[in-house]
Amino acid sequence: MELSKSIEVVNLFDLYKECLTEKQKELFSMYAEADLSLSEIAENLSESRQAVYDVIKNAENTLYKMDDKLKLNYKKKVISDKLSQLKNMILQNESKKEILKVISEFEEMI
């Protein structure tokens, strides 16, 4: 698996960064948030590019494992989608009954 600076990985980092070591947090932040290359990070920290890659790769794997177990990223998306749906229903003057139905469905999900 290639290292990825995707939005998903950055979201996972935001959710689970406290599960990483201080070194993993520091290097992953430099890579994903500061958008530094592996070579730039290695040079800044006087480490080998391979060592930086290994730390970041392990951090990324940890983030995915945490989300596989806790599913917080999925739950966050579901909550956001339901809130958007409810906002739209309110803006369109949907009936209270229909809004309460969506709220009930949402409660069943969580």
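## Glu22 and its partner

Glu22 is exposed at 59% relative accessibility. Exposed means over 50% relative accessible area, buried under 20%, and partly exposed in between (1.4 Å probe, protein chains only). Glu22 forms a salt bridge with Lys25, at 2.9 Å from N to O. A salt bridge here is a side-chain nitrogen of Lys or Arg within 4 Å of a carboxyl oxygen of Asp or Glu. Both residues sit in helix α2 (residues 22–33), three residues apart, which is about one helical turn. Helices (H or I, at least four residues) are DSSP runs, numbered from the N terminus.

## Basis of the model

The model is predicted: local features need pLDDT of at least 70, side-chain atom pairs count only at pLDDT 80 or more, and totals for chains, interfaces and linings use all residues. Residues are numbered from 1 along each chain as its sequence is written, and side-chain values use heavy atoms, leaving out hydrogens and water.

Lys82 belongs to helix α5 (residues 72–91) and Glu105 to helix α6 (residues 96–109), so the pair links parts 23 residues apart in sequence. Lys82 is buried at 14% relative accessible area. Glu105 is partly exposed at 33%.

Glu18 pairs with Lys25, their closest N and O atoms lying 3.2 Å apart. Glu18 is exposed, at 63%. Lys25 is buried, at 13%. The whole structure holds five salt bridges.

Technical notes
Helix = DSSP H or I, 4+ residues; strand = E, 2+ residues; numbered from the N terminus.
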